[in-house]
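Welcome, and take a moment to look over the chain. A short tour of a few of its features follows.

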Amino acid sequence: MKNDNSLGIKHFASCFKNKALALSLVAMASATAMAQEKETEQTTLNMDNGVIPIADNRGFTLQSQKGDFVFKPYMYIQTTGNYNYYDDCGLDKAYNQDNVANSGFSMPYAIIGFTGRAFGKIDYNVSINAAASGGNILQQAWIDYAASKEMRFRVGKFKTPFSHAYMTTLGETLFPTLPTSLTAAVILPHSLNALTPNVGTGFDLGVQMHGMIKDKWGYQVGIFNGTGAAVNNATKTLSDDIHIPSLLYAGRITYQPFGAMPMTQGNNKMLDEKKVLVGASVNYNVESENESTNDLRAGLEFAMLYNRWYVAAETYYMNIGFTDRQKIDDSYNYWGGYVQAGYFITPKLQVGARYDLMDRNGTDADGMLNMPAAVVNYFVPGTNIKLSAMYQYTGRTGHNTQLDRDMDNLGLATHNATVMMQYAF
């Protein structure tokens with residue numbers, strides 16, 4: 001009997017150890033799943049701040065035990081060395097114009113900010129750009145309330161829903177500079193009492209409803225001041241022509257078949273992604289540019305992340321129609337677009353190329369700008385430092401006269417070289 005009891009005890013101990021081991025494995029698996037779930041949630045939160053993706057252990061994050069309160073400070077600094085060579089534009093050498101201008105060192109961004117979550121339903125973000133001036137110092141400030149995953153409401157100053165290039169997180173762009181076709185002012189044969197429009201809309205004050213449906217369909221519908229990032233005041237009136245508030249009305253829809261695509265054009269910590277985004281957007285800026293024009297914009301976009309590859313293409317259109325008080329019956333149409341691709345040769349070294357095209361002088365006049373560019377990005381190991389070097393050439397083709405050719409290139413560098421260093425946490 002003594003031997004039988006001894007065997008029974010040993011058998012019980014063995015079963016207990018196996019069960020304990022099984023329970024431990026289950027607990028570890030559950031903990032891993034919960035950690036991955038939290039990581040996914042945190043990534044979604046932090047990728048949306050528009051400045052840096054701060055879900056990859058950059059700096060520190062304060063978080064409540066339940067995760068319904070999150071506070072994350074961040075910083076982003078970008079310094080560039082610039083060389084710009086300009087064409088003579090038909091001017092006689094006697095005028096002693098400088099072909100090399102706007103060259104030297106600059107600091108486009110010196111951003112400090114914080115982002116996070118409150119009550120498990122409200123996301124928030126505030127960022128100050130100390131390198132800017134005027135209203136641009138407040139780069140963005142918004143709160144985002146989640147009624148559900150499919151329906152969210154954002155109020156404040158943030159990116160208008162137009163153009164993949166602008167929607168990309170600031171510190172995650174392939175090139176140090178945006179495509180010229182988005183940022184360059186168009187050519188108009190009339191003098192206006194305000195700045196001539198460009199295709200990109202960028203940051204603005206307003207309200208937006210947005211969300212993801214079935215983790216595949218994204219939408220954004222918003223109303224904004226239409227005065228851009230430099231104005232933080234309410235300055236608009238009612239339209240004299242169509243009798244509605246003179247605001248920017250904007251919408252964007254995207255199809256993301258493999259889930260929400262991170263708004264990055266190259267992150268060396270995300271080299272195993274397989275994401276695709278196809279989108280369309282439209283906006284109408286009623287009596288923009290100090291009551292001189294009504295601007296209609298529309299765009300199509302495509303972007304893909306596939307392991308070490310990033311590929312994107314966009315095309316956009318803008319119509320400028322003068323208001324009745326301008327007493328100009330003409331309207332003008334412009335279009336542009338680009339295709340770009342980047343590839344990580346190593347986990348730290350990315351190369352890229354872009355071809356940018358713009359009908360800057362309008363479809364009524366012949367001539368196009370074509371702007372090929374190349375870039376090399378290096379991510380310094382063990383830091384959050386990114387080094388970039390790019391070159392862009394601005395070419396002109398198809399113009400009827402030399403004067404048309406010179407006017408189309410006005411204000412744009414024929415040769416541009418930019419070296420950038422950025423740091424973020």
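Where is the place of W217? W217 sits in strand β8, which covers residues 217-224. This is a predicted model, in which local features need pLDDT of at least 70 and side-chain atom pairs count only at pLDDT 80 or more, while totals for chains, interfaces and linings use all residues. Residues are numbered from 1 along each chain as its sequence is written, and side-chain values use heavy atoms, with hydrogens and water left out.

Seen as a whole, the chain has 5 helices and 18 strands (DSSP runs numbered from the N terminus: H or I of at least four residues for helices, E of at least two for strands). Of its 425 residues, 45% are buried (under 20% relative accessible area; exposed is over 50%, partly exposed in between, with a 1.4 Å probe and protein chains only).

| Residue | Place | Relative accessibility |

Now for F60. Leaving aside residues up to four places away in sequence, F60 touches K72 and P73 (contact means heavy atoms within 4.5 Å). F60 and F71 are 11 residues apart along the chain, and their C-alpha atoms are separated by 9.1 Å.

Contacts can also be viewed across the chain: among those between residues at least 6 apart in sequence, 60% join residues at least 24 apart.
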